[in-house]
Amino acid sequence: MLWEWFWDIRAGQGSGFNGANPVSSSEMLAWLQLTGNVLRREEVAILRSMDSRYVSEIDREAEAIRERETEQ
C-alpha cells in the first residue's frame, strides 16, 4: 500500500531545473485531503524516507548523465 501511495503522491510532483523536488508537507496534506487516506506517523516517516531516497537517486542519475555528456 505504501508503494501505491508513494507513486500517487509523486505523480503530482513536478521537477525543477535541478531535477526532482521533494514532496512538501503541504503537498502531502493536500493529497491526504483529496484521497481521504489516513496515515499513521510511522507511515508518514516511511513515505518521507522513500521520497528522500527517490530525489537522491534522481540527482545521482542526472549527475551521471552530465558526466557522460561532458566526456563525449
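Contact here means heavy atoms within 4.5 Å. The model described below is predicted.

**Helix H1 against helix H2**

Helix H1 covers residues 2–11 and helix H2 covers residues 25–35; their axes are 10 Å apart and the two helices pack at an angle of about 110°. Angles of 65 to 115 degrees count as roughly perpendicular, and H1 and H2 are therefore roughly perpendicular to each other. Their crossing is right-handed. On the H1 side the contact is made by Trp5, Asp8 and Ile9, and on the H2 side by Met28, Trp31 and Thr35. Sorted by class, this contact of H1 with H2 has 4 nonpolar, 1 polar and 1 charged residues.

Leu32 is also found in helix H2. Leaving aside neighbours within four places in sequence, Leu32 is in contact with Asn37 and Leu39. The C-alpha atoms of Leu32 and Ile9 are separated by 9.2 Å, and these residues are 23 apart along the chain.

**Helix H1 against helix H3**

H1 also packs against H3, with axes that come within 10 Å and cross at roughly 60°. That angle makes H1 oblique to H3. H1 passes H3 in a right-handed crossing. From H1, the contact draws on Leu2, Trp3, Trp5, Phe6, Trp7, Ile9 and Arg10; from H3, on Glu43, Ile46, Leu47, Met50, Asp51, Tyr54 and Val55. The residues of this contact of H1 with H3 divide into 11 nonpolar, no polar and 3 charged.

Buried means under 20% relative accessible area. The place of Glu43 is in helix H3. Not counting residues up to four places away in sequence, Glu43 touches Leu2, Trp5 and Val38. Leu2 and Trp5 belong to the H1 side of the contact with H3.

**Aromatic residues**

The structure holds 6 aromatic pairs. One of them joins Phe6 and Trp7 in an edge-to-face arrangement. A pair of aromatic rings is described by the distance of the centres and the angle of the planes. Both values are given below for this pair and for the pair of Trp7 with Tyr54.

| Aromatic pair | Centre to centre | Angle between planes | Arrangement |
|---|---|---|---|
| Phe6 and Trp7 | 4.8 Å | 70° | edge-to-face |
| Trp7 and Tyr54 | 5.6 Å | 85° | edge-to-face |

Planes over 60 degrees apart count as edge-to-face, and the planes of Trp7 and Tyr54 lie at 85°, so this pair is edge-to-face. Trp7 lies in helix H1 and Tyr54 in helix H3 (residues 41–71), so the pair ties together parts that are 47 residues apart in sequence.

Which residues make up the aromatic cluster? Trp3, Phe6, Trp7 and Tyr54 form one cluster. Within this group, Phe6 counts as buried because its relative accessibility is 5%. Trp7 is partly exposed, with a relative accessible area of 44%. Tyr54 is partly exposed as well, with a relative accessible area of 25%.

**Loop residues**

Gly14 lies in the loop between H1 and strand E1 (15–16). At 40% relative accessibility, Gly14 counts as partly exposed. Gly14 and Trp31 are 17 residues apart along the chain, and their C-alpha atoms are separated by 14 Å.

Pro22 lies in the loop between strand E2 (19–20) and H2. Which residues does Pro22 contact, leaving aside its neighbours within four places in sequence? Pro22 is in contact with Arg10, Gln13, Glu27, Asp51 and Val55. Among these, Arg10 is 12 residues from Pro22 in sequence, and the two are 8.8 Å apart in space, C-alpha to C-alpha. Arg10, Asp51 and Val55 also take part in the contact between H1 and H3.

Note on methods. Residues numbered from 1 in each chain as written. Predicted model: local features only at pLDDT ≥ 70, side-chain atom pairs only at ≥ 80, totals over all residues. Heavy atoms only, no water. Axes fitted to C-alpha atoms, helices over the stretch in contact; angles between N-to-C directions. Helix = DSSP H or I, 4+ residues; strand = E, 2+ residues; numbered from the N terminus. Parallel < 35°, antiparallel > 145°, perpendicular 65-115°, else oblique. Left-handed = near helix turned anticlockwise from the far one by under 90°. Nonpolar A, V, L, I, M, F, W, Y, C, P; charged D, E, K, R; others polar. Buried < 20%, exposed > 50% of the residue type's maximum accessible area, 1.4 Å probe, protein only. Phe/Tyr/Trp six-rings, centres within 6.5 Å; stacked < 30°, edge-to-face > 60°.
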